[in-house]
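Open the model in your viewer and keep the selection panel at hand.

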Amino acid sequence: MHKQKPLNYFLLLISFISYCLVAFQIERYETTPLVVSFVLLFLIYAWVLRSESESEISFWIFASILFRLCFLFSTPLLSDDFYRFIWDGRLLAAGVHPFAELPRYYIENNSTIPGIDKSLFNKLNSPDYFTIYPPVNQFIFWVAARLSFGSILSSVIVIRLFIIASEIGTIWLIKKILHHYQLPARNALLYALNPLVVIELTGNLHFEALLIFFLLLSYWLLIRGKLISSAISFSLAICTKLVPLIFLPLMFSRLGWKKSCIYYLIVGVSTILLFLPLLNAEIISGFNESIGYYFKKFEFNASIYYLVREWGFWKYGYNIIQTVGWKLAVYCTFSILVYSSWDYIQNSKLKTQKADFNLRHLPNSFLVILCIYFAFATIVHPWYVTTILAFSVFTTLRFPVIWTAMIFLTYVGYSKTGFSENLWITSIEYLVLIGYLVYELIWKKEKYSA
C-alpha cells in the first residue's frame with residue numbers, strides 16, 4: 001500500500017476512537033455524545049468519499065474492515081434485539097422449536113432448559129410475541145449457542161463473526177460488480193465506510209448484513225450467467241429476511257419468461273428445503289401471528305402511514321393501525337406489481353439489447369421497489385435502509401446516503417425509562433430526504449443509471 005497523507009491517518013484514528021466509544025461506552029439514551037459521535041463519523045465519511053486514487057480507496061476499504069473489528073468484543077449498547085437471538089439459539093441447542101411457545105411460557109412453567117431463565121427473559125424486548133427470524137438466522141443462533149457455553153458475550157462474538165464475514169464478502173462483491181460495469185471504484189466506499197452500516201450491522205448485530213451479501217451474490221452470479229447458483233443465493237436471502245420476495249416480479253422483465261420460471265422454481269424449492277428443518281404447524285402459526293402484529297400493532301419512523309394515522313385520529317379519535325396497517329400492505333403489493341409490469345413493458349422494447357444491459361440496470365429497479373416498500377411500511381428502522389444504500393452504489397442516486405444520515409436521529413427518542421418517538425425529528429428526516437430526492441431527479445436531472 002502506498003504511503004498515505006498524514007490527514008488520512010489522523011481521520012482513521014479519530015474514526016477508530018469514535019467507533020470504540022459507540023461500541024463500549026455510549027448508551028443509546030445518551031443522546032448528545034451519541035449524536036456528536038455519529039455526526040463526526042459521518043463528516044469524515046463524507047470527506048473520504050472524495051478519494052480518487054487507487055491507494056487511498058484501498059486504504060479506506062482496509063480501514064472500514066478495521067472499524068468493524070473494533071466492535072468484535074463488545075455487547076451491543078444501542079439495540080437489545082440480540083437477546084432474542086440468544087434465546088432462540090438456546091432453545092434450538094436444547095432441541096426445542098423456537099416457535100413452540102412464547103418466551104413467557106417457559107418462565108411461568110419453570111423451564112429447566114439451560115440458559116432459558118428469568119435473567120435472560122427480563123432482557124427480551126418482545127417476550128409476548130413469537131420469534132420472527134427465518135432459518136438462516138436460526139442456524140446462526142444455534143451455532144452461537146453451541147459454541148458459547150452459556151456466555152452472552154461469547155454468543156455475541158460468534159454471531160458478529162458471521163456478520164463481519166458477510167460484510168467483507170459484500171465489500172468484495174461491490175468491488176467486483178463496479179469493476180465489471182466500469183463504474184467508479186470509490187463507489188465502494190459509499191457502503192463500506194458508511195457509519196450507519198458499520199454501527200447498525202456489525203455493531204448492533206442486524207442481519208441485513210447477510211441479506212445484502214446474499215442479494216449481491218445472487219446479482220453477481222446472475223451477471224456471470226449462473227442462473228441456478230443465483231437462485232439458490234436468492235433463496236438464502238429470503239431465508240434470512242422475507243423482504244427479497246418483493247423483488248421477484250422484476251425477474252420476468254430481466255430474464256424473460258422461460259429463464260424466470262426456472263429461476264422461480266429453484267428459488268421456491270430451495271426456500272422450502274431451507275425452511276424444512278423448522279417447518280411444522282407451529283412455525284406457520286407463529287409466523288402468521290408475528291406478521292399480523294407487524295401490520296396491526298408496531299409503528300416506528302413511518303411516512304405515509306403516519307399521515308393516514310393522523311387523519312384517523314382526526315376523523316375517528318383513535319389509532320386506526322388495526323384496520324389500516326394491512327390495507328397499506330395491500331396497496332404496497334399492488335404498487336410493486338404495477339411498477340414491475342411497467343418495468344416489463346419498458347424492457348420488452350429493448351429486446352435487441354444484450355441480457356447484460358438489462359442486468360446492469362437491475363439495481364435501479366431494486367431501489368424503486370424498496371422505496372415503494374418503505375413508503376407504505378408502518379416500521380422503518382435505521383438498519384432497514386442499509387439495503388437501499390447497498391444497491392445505490394451502482395447508480396448515480398445518492399439520496400440513500402442522505403437517508404442514512406437523517407434516520408440515525410431517531411435515536412433521539414430514547415431515554416433511561418424507555419422510548420418516545422419525536423415526530424418533529426421524523427418529519428425533518430422525510431422532508432430532507434424527499435427534498436434531496438426531488439433535487440436529484442428534477443433539478444440535477446439525474447437518470448437512474450450511471
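The tour starts with confidence and then visits a salt bridge, a cavity, a pocket and a surface patch.

**Before you select.** This is a predicted model: local features need pLDDT of at least 70, side-chain atom pairs count only at pLDDT 80 or more, and totals for chains, interfaces and linings use all residues. Residues are numbered from 1 along each chain as its sequence is written, and side-chain values use heavy atoms, with hydrogens and water left out.

**Stop 1: confidence.** Colour by pLDDT, the predictor's confidence in each residue, from 0 to 100. The chain mean is 90, and 92% of residues reach 70 or more. Helices are DSSP runs (H or I, at least four residues), numbered from the N terminus. Now pick residues 446–450, where pLDDT stays under 50.

**Stop 2: a salt bridge.** Show the side chains of R68 and E167. They meet in a salt bridge at 2.9 Å, N to O. R68 sits in helix α3 (residues 54–69) and E167 in helix α8 (residues 152–180), so the pair ties together parts 99 residues apart in sequence. The whole structure has eight such bridges (a side-chain nitrogen of Lys or Arg within 4 Å of a carboxyl oxygen of Asp or Glu).

**Stop 3: the largest cavity.** Select S15, Y19, L41, I44, Y45, V48, W60, F67, L193 and P195, which line the largest cavity. Helices α1 (6–24), α2 (31–48) and α3 each give two or more residues to this lining. The largest share, four residues, comes from α2. The cavity's volume is about 60 Å³. On a 1 Å grid over the protein atoms alone, a cavity is a set of points where a 1.4 Å probe fits but cannot get out; a pocket is an open set with protein on both sides within 12 Å along at least five of seven lines; lining residues have an atom within 4 Å of a point.

**Stop 4: the second largest pocket.** About 570 Å³ of space lies here. Select S303, A375, Y430, L433 and I434, the closest to its centre of 25 lining residues. Which element gives the most to this lining? It is α21, with nine residues.

**Stop 5: last selection.** Finish at I272, in helix α13 (residues 251–275). I272 belongs to a nonpolar surface patch with L265, V269, L273, L276 and L279. Patch residues have over 30% relative accessible area and no salt bridge, with like charges joined within 9 Å and nonpolar side chains (Val, Leu, Ile, Met, Phe, Trp, Tyr) within 5 Å.

Terms used. Contact means heavy atoms within 4.5 Å. Accessible areas come from the Shrake-Rupley method with a 1.4 Å probe; for residues, only the protein chains shown count as cover. Grid points are joined across faces, edges and corners, and a volume is the space filled by probe spheres set on the points.
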